[in-house]
Every structure is written in structure tokens, then in C-alpha cells.
Amino acid sequence: MSVRSCVPSLADSATNTLPSGLGLYIHVPFCLQKCLYCSFYSVTNQPDLYNRYAAAVKEQILRFAERSDIQAQQVHTIFFGGGTPSILGSDLLTRLLKNCFLNFDCAPGLETSLEVNPATVDQAALHELRRAGFNRISIGVQSFDDRELEVLGRVHSAADGIRTVQMARRAGFSNINLDLMYGLPDQDKHKWQESLQQALSLQPEHLSLYELTMEGNTPFAQRYDRGELRLPEEEVVLAMVATTEEMVTAAGLHRYEISNYARPDRKCSHNINYWHNASWLGLGPGAVSSLNGCKIKTISDVECFCQPGANKEERETLDNEAAFRETVVMGLRMIGGIGLEELEKRFAINAISYYGTTLDRLIAHNLVTIEEGRLRLTGQGLLLANTVMAELV
Amino acid sequence: MKNIRNFSVVAHIDHGKSTLSDRMIQLCGLVADRDFQDQLLDSMDIERERGITIKSQTVCLPYTAQDGQEYELNLVDTPGHVDFSYEVSRALSSCEGALLLVDAAQGIEAQTLANLYLAMENDLEIVPVINKIDLPAAEPEQVALEIEEDLGLDSEITQQCSAKTGEGVADILEAIVEYLPPPEGDPDLPLEALIFDANYDPYRGTVISVRIMNGTIKPGEQIIFMHNKVEYRVEEVGQFLLPKTKKKSLSAGQIGYIIAGVKTVSDTKPGDTITHKENPCATPLPGFKEVQQVVFSSIYPITSDDYEDLTSALEKLKLNDASLTYQKDSSAALGFGFRCGFLGLLHLEVVQERLEREFDISLILTVPSVKYLVSLQDGKEVVVDNPTYFPDPGTIDYIKEPFIKATILIPERYMGAVMSLCMERRGENTHYHYPMPGRIEFTCELPLAEVIYDFYDKLKSVTQGYGSFDYALIDYRQSDLVKLDILVNSEPVDALSQLTHRQRARERGMKACESLKEEIPRQMFKIDIQAASGGSIFSRTNISALRKDVTAKCYGGDISRKRKLLEKQKAGKKRMKTVGNVEIPQQAFLSVLKSDQ
């Protein structure tokens, strides 16, 4: 694998004004079973690959760690995502995390997240993971309704979800996220309220609440196309969105991104770094790194990834204007929007004059607003985010 | 001259004409196998994709026959669609013979007959060829019987082949030499050269395809185009080898090309006669007609910035397409554009696709219209081909619309379905007979306006693909027409107006509303759509506001993919025309003419 440094072009030099600090993402592409709606890259039933995979990730860590441009930056967040990272077992996860700590300049007390699925970890493993240095845990609960979980093709029950949260608490995690989905087949507003209420009663510090999306080529999308799945009407989904806002706010969490809610001090720094379209390293098959405005994707094939020496990368560099637009679009996902001054410093483009009448029209339609130097989506704009972003991309 | 054969291949669409041509070209060694690509003569992408020939091309095949003699076989390719039947007839009149190609599985179809009649009118010797004998469903004996008994052609000389595999193609070349007559004519008589096609070459100007009937033509000579009454000096003559090859002269009996500094293809009219300025022939060759545009539609660029580009694209396209006409037009809803005349709906689609593909301009085409003759109460007559200029109904005495005679060939069992389709479309004066057992040739007089949009598609669907169709304009007839307007958010959109028969206005209006509801995507506000005529609204519907359009998940690994999706969404918007504040997609403008889907 060759990780050549991307030479920044003249226009890219504006990116230097970004606060330094890297995110580090490790993609674990293994699952017990593919969920029917999921289009992310992962493989099932290949435990014999786990050790080879870990060795290949370590190799990738070492290569990145050799680079002087990376040595010059501190790692501010680490995130093990998947797939189902917890499937690797606490020993392997601990070893991988140690490798990160050892080879990168990690900021003290950095946010270190791990995604787990209910029923893939036990109490002992959670204790071990907490001791190893993971301080944030993200649990893929998806629903607290057993029938819904079955429809989604999940391998756990609602009770497994609750138990996993309680075990994580006992293991000492004080920063817990729950993933939940709404707009599920045959779900009504009431059922969603029940799931959400159950989640809130567990007092998570963070919630990721996703509307179910039909992704091409998933069994779900195929069944949907054949008319076998009945999704809730738009009216119902809109009512779910409204009730979510009320219930979550009442529980002391705040929406800070289209699908993310947190206690004020528990926003996910790792993900915020993505929405700033800043710099991060992505390790593991299918993961994407973003360095100096260049995106590097590691091959989405775990066999190939584990093969030493194979060419495993695709890269994409956008010109300054395109990178600017991408950053605007990503930044608008955050409720607080984007600081226009910071944006201009970074890309040497003034958003207001750049977008001109397009922006005026969006403001006139009450889809975006500029307040205190920040461009952000309005309540209406949040519901029509893609329509807005398609104007600005 | 006795070693020349000028011939054409006539067939129903899809019976394999282009494939057979390709195979003959290959067999005569005109292209190396490695340079070979399917449908060699169909050089436009659209032609290859749709499997039809739009712009015909001629090719000269040098052929050594089994008798050891060298022959010059000129294959005159013809367009294979009803819109272009005059071009076909001019191409045929430059030949002495034709191969009548019939699909071994499909048998004889409407255009087989129509083209056979055209060939017979031009006194061509006919060699029937049964193609696609490799198909599992092929019934060559049955088709041979139809050819002999129903068409009255000589089964002795009928050839069988599979143009796809190449089987039997060598025998066809022999049959051409043996059964088709050589041309006649006298190289020493005054020059008579028939123009049957013209193509534009950006470096040389117009390349004129001619058949020399009498006389001889050489570079340097002064020539005149008898109908067009223009004079040119010959720069080059040659033959249609691949590539074109310069010759010292062309003389009686030969087919070839003339380059004479002619700037635009429209100066060369198919059917016109070229003769020498000195010592001209007495009269032009018979059969010349001015081409008639029968379908009219306005073309607008989606973004007004593209108007200049559209102007120059049309100029360039016109160089190579003499049958396209255009003039400036403007619309309250769409801004500046052009009113264009086409030979038919296929021609319209071809022009649209070429403008978009070759010139990369996104276009709106308005509802196609035919040409109406409106007699006013003050005795004046006006020609209306654009609903926008329809006179105030109070001033109209009567209106006439063009009628066609449709010839439809179908298996007997579809008679009922076809009859009711024609009645639905205001058909009159229907007749039928059995040209062969089990098959009906159905003729019907129909308003052209009822045929231009989706009649052929509809026919194919009610006959499960077995119906074939050909038409000819016959006359203008008095008709009770009204203008149907479409209002989007209470604003009339002139580009969506159409003229329609009074009795059909209500139904048309309802369908137009439905189609628009389907084609216009939801927007941030509710959109009202209404159909009205003479100030009274008789159909309405609405498109509810778009209330949610948001991607739930977007993290580091998704950014590029999500960005590309948004870019796609943005590009889709660019292909929509903003009328008032409503974005209307391209296809919506044509959809209002669609009948029930």
C-alpha cells in the first residue's frame, strides 16, 4: 500500500487555517448477520479473518504514523465503527486501541468511541473495554420493539438493548449513545414514541435518530420496490419528527445535527469533525481518509485489504471551489450551521457573493438564514435539507 | 455500363436491412474485419441505438462475380421510416433493382408492402430476400409462399439468408448480378443527374449524391440545378467507396457524388436535376416535389443563456438536414426560441436528440401541432401551426385540418382493437381487405393531429407488436376545433396550449392535467393545474407541496457519495424550466399530448 502525501495546491493552502487535530476512524467490516436495510460494507461469518484484519490495520497505522505531516498533528478523537466492532472481542479491540495510542500523538482525555451491538458484548468485555481506554459507547439498538427488530433483520431483542445499556453503565461508561430508527414499516407515531420513551428512560447522553432510508441493492429496497413493505405516510413521518423534537428536548438533550441529539457537553466531537469537512484518518476496508483536501478511500474488500502490498486505494481531490461547496453542504447538516468568516478564511471564497441570488432565494423561501455570521438551515430547511443542498453543492 | 448494378434494399423496419448491408460490405472486402462495427452505414449514435436509418448513405461495392467479371454494385441505402417516404422514393428512382427484405419470422408487414409499391412505381426489378432464417421462429417456406402468392413475385429467384451469421449473403450478391438489369443511358447525351441525397462535410461543403441518367460530368464544368435555378462549378466527382474516392468523371448509369462548393444542404433538393450550363437537357427528370413539413413545435433552451448556442446549433444541423425548417419564435412562458417544422414525429425526436447530444443543449419542445387553415369571417385565410397564434374564436368562420390516409396491416384477430383505436382518433371512411389469408389491410382516413403523437405506439400496443403502419397526407377537411389552455398556479402557460377537436377537449384537458401531475415533481409549495378552454375551466388537479427531503446519515465515509447524489439532483433541476415560480421538467411539455398510459 502506498500512502503518498497529497501535495496541497496553492488554493488548498487556505485549509491551513483550520484548527489542527485529526480524527481517527477504524472501520471494522464484520457482522454476525447483515441487517436487511444496511448498505454499508461488511462481511459475515469470517472470524478466521479477524487476526489478519487486525494485522493489516496495524500495518496501516504504522504507515500513517511514519508521515511527518501526520506526526505534526494531534489525534483528537478515535472512533471504532462498523460493521459491528464489538464482534472482534475485547482483546483484539484493546490491542488495536493500544496501537493507536502508541503510534499517534493522542490528545489527553480524547474522545474514544466504540460501536457495539446488543448481544455481542457481555459485562466482562465492557469492563475490559472501558479499562482499555474507550470512554464513549454507541449502541446500535435501532428499536425497542421486538417485531420491528425482526423486520429490520436485527439479531437481538429489545430486552438485549436495555441490558446492554445497563451493563455499559455498570462498566463505567458515562457517555452513551443509542442509535434508533423511525419511519419503519408499519410503525405509527405511537409506536415510535414508545421506543423513544424507552430510550430516554435509560438516560443516554447522546441519541442518533435516523429515518429509515431505502438504499439501493439492499433486500429492504428490493422488497419495497416489489410493494411488500408498507412505509408510514409522509404525514406520519412528519408527526414523528415533531414529537421527537419535543420529547428529546424535554429530556434535556439538544439537537445539534440533522439526526443527532446530545447533552450540551456530550456532542460527538469525532462526527463534528466530519461535518466540518476537516482532516481525519480512516483505517480498515472501505474507510475514507481526508487529508489536505484529498479524500483517500481504502478498498472495500476485506480479503484484498488483508493482503500485504496490494494497491488498496482510490483518491479524489476536489478543486478549491468544489471543496468549498462540499464543506458548505456538510456544515449545513449541523443545527448551528457554518461560520461564514471561518469559511472565507479557509477557502478564500465569500459565500454570500459566491452564491448570490441562489442564496437570496433560499433565504426568501425561509429555508436558510444568516444570523450572527452563521449560515444555517431553518426548521423548514432541515426538513428539505437535500433540496437546499442541491442548490448549494 | 453492363457491369454496373444500382440497387436498394427495401424492408419493413427491423427486418435487418442495415445488417445485410454491413454483411455485403464486408464480403466485398470494403472494410477490414477489424475496423468493422455494426450498422456501418448508420453513422449517427441515434441510428445505432434505435436500429433505424435516418440519414441514408450510399456505398459502392466492387465485386468479382463467379463469371470472373468485375462489377460495380451501388447500394443505395434508404431511410426506414414513414416520415421519410419521399426521400425513399427519390433513392429508389436512381436504381434499376431492389432487394425486398422480409423477416422469416415476421413475414410481410405494412412497410414491406408500402416500400414494394414504391419500388414498383419506379419500375424496379425485385429480388425477394428472406432474412433471419437462423431464428428459431423462422418460417422461410411460409414466407416464401406469401411472397409468391400474395405479392406475386417470382419465387424462383427468392433468396434466403441470415444477415446476422452471413449465411446466404454470397448468393445474394450473385443474384444481384444475375437478376437485376444493368442501367441504361447514353454518356454522350446532355447531362441529366438526379439528386437523391446530400450530406454536409465541414471541409468541402455539400456532398451531393447523384445518379447519372444521361451524359457525363467532370470537374471544372459549370452546372445548374434545374428546380433551384442556381449555378455552380464542379470541384470533384467520385464514387462511394469506403472512404469516398475521387474519379475523373461520372457518366450515364453510374452513382456517385459531386462536390461543387454548395454551402448548405438545403440548396440541394432531393429529386432535383443537375445538368450542364452549356448544352443542358430539355426538361428536368420527373417526380420532383418540395418536401413538406407536417409537424411543428417550438424549441426553447432551458436556460436563456443557451439561446446563442441553440441558434448556431440549428444552423449547423440545418446544413445537414434539408427537411428541417425553423424561424424565430417567442413565448410568454419560455422566452426566446424557434418554431421548427418537421417531416413527422420521429424526425422531431431525432432533431431533439441531436441537438442535445451533439450540441449539449438542454431543450424544451412544446406540444407538437399540425398546420391548420383558418378562414376568417372577413374572407381571409390564415395558416396556424402554433396554438399561440390561434385567432379569436369570434372572428373565425371555419377551420380545416390535414387528413391522412393510414394503411395498417394486421393479423385478422386485431381488427376490432384497431378499428376502435381509429374511431377513438376520429377516423373516417374505413376500408379493409385481405391481401393474404389471415391478414387484413385496413385503411382509414384520420386527422393528422390525432396521429402525430402516440398513434404508432398505441397501435403497436393494441396489436401486441403485430400491427404495422404507413401513411400519406391526403387533404384538408373542415373541423370544429378549440384551443385548450393549461394554467399552472392560475397562469396560462402558452407552451402547453394545444388545438383540439371540441368534442375531445374535455377528455384531453383531463388527461393533460393528469400527465402534468405525474411529470412535475413536488415543489416547496402546492401547485394548481387547470385545463381551460374559452375562459371556462373544466378540469383541475394539484400537486401537494414537498414537505420532506433529507438524508438521515452522513459521516466521513459517505461525504463523496452524498455530494455526488446532490450534484445529480442539481443537474436534474437544471433540466427543468422555471415558469412563473414552478419548475417544469422537459418531458412534461410533450406529456400533455399522451393519451391514457
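Let's start with one residue of chain B: with a relative accessibility of 68%, Asp360(B) counts as exposed. (Exposed means over 50% relative accessible area, buried under 20% and partly exposed in between, using a 1.4 Å probe and protein chains only.) The backbone of Asp360(B) deserves a look too, as its phi is near 55°, a positive value in a residue other than glycine. You will find Asp360(B) in the loop between α8 (345–359) and β20 (363–365) of chain B. Helices (H or I, at least four residues) and strands (E, at least two) are DSSP runs, numbered from the N terminus.

Before going on, please keep in mind that this is a predicted model, in which local features need pLDDT of at least 70 and side-chain atom pairs count only at pLDDT 80 or more, while totals for chains, interfaces and linings use all residues. Residues are numbered from 1 along each chain as its sequence is written, chains are lettered from A and ligands numbered from 1 in the order in which they are written, and side-chain values use heavy atoms, with hydrogens and water left out.

## Backbone features in chain A

Chain A has a residue of this kind as well: Asn277(A) is not a glycine, yet its phi is positive, at about 55°. Asn277(A) sits in the loop between α10 (269–275) and β11 (280–283) of chain A. Here the residue is buried, with a relative accessible area of 6%.

Another spot to look at is the peptide bond from Gly82(A) to Gly83(A), which is cis, with omega near 20°. Gly83(A) belongs to the loop between β4 (75–82) and α3 (90–103) of chain A.

## Chain B and a pair of crossing helices

Chain B contains 14 helices and 33 strands. Of its 597 residues, 59% are buried. If you take the contacts in chain B between residues at least 6 apart in sequence, 69% join residues at least 24 apart; a contact means heavy atoms within 4.5 Å.

The axes of α1 (residues 17–27) and α6 (residues 169–179) of chain B come within 10 Å and cross at roughly 85°. Therefore α1(B) and α6(B) are roughly perpendicular to each other. On the α1(B) side the contact uses Leu20(B), Arg23(B), Met24(B) and Leu27(B), and on the α6(B) side Val169(B), Ala170(B), Ile172(B), Leu173(B) and Ile176(B). By class, this contact has 8 nonpolar, no polar and 1 charged residues.

A word on the terms: axes are lines fitted to C-alpha atoms, for helices over the stretch in contact, and angles run from 0 to 180 degrees between N-to-C directions. Angles under 35 degrees count as roughly parallel, over 145 as roughly antiparallel, 65 to 115 as roughly perpendicular and the rest as oblique. Ala, Val, Leu, Ile, Met, Phe, Trp, Tyr, Cys and Pro are classed as nonpolar, Asp, Glu, Lys and Arg as charged, and the others, Gly among them, as polar.

## Where the chains meet

The contact between the chains takes 38 residues from chain A and 26 residues from chain B. Together, chain A and chain B bury about 3100 Å², with 55% of it on carbon and sulfur atoms. (Buried area is the accessible area, with a 1.4 Å probe, that two parts lose on being put together, summed over both.) Glu234(A), Asn386(A) and Val393(A) supply 19% of the area that chain A buries against chain B, more than any other three residues.

Between chain A and chain B there are 9 salt bridges. A salt bridge here is a side-chain nitrogen of Lys or Arg within 4 Å of a carboxyl oxygen of Asp or Glu. Arg563(B) and Glu316(A) form a salt bridge, with their closest N and O atoms 3.3 Å apart.

## Salt bridges within the chains

Over all chains, the structure holds 49 salt bridges. In chain A, Asp160(A) pairs with Arg163(A), the closest N and O atoms being 2.7 Å apart. Because they are 3 residues apart in helix α6 (residues 158–170) of chain A, about one helical turn separates Asp160(A) and Arg163(A). Asp160(A) is buried at 18% relative accessibility, whereas Arg163(A) is partly exposed at 42%.

In chain B, Arg504(B) forms a salt bridge with Glu507(B), with 3.7 Å between the closest N and O atoms. Both residues lie in helix α12 (residues 502–519) of chain B. Arg504(B) is buried, at 10% relative accessibility, and Glu507(B) is partly exposed, at 32%. Salt bridges that share partners join Glu401(B), Arg426(B), Glu450(B), Arg504(B), Glu507(B), Arg508(B) and Lys511(B) into one network.
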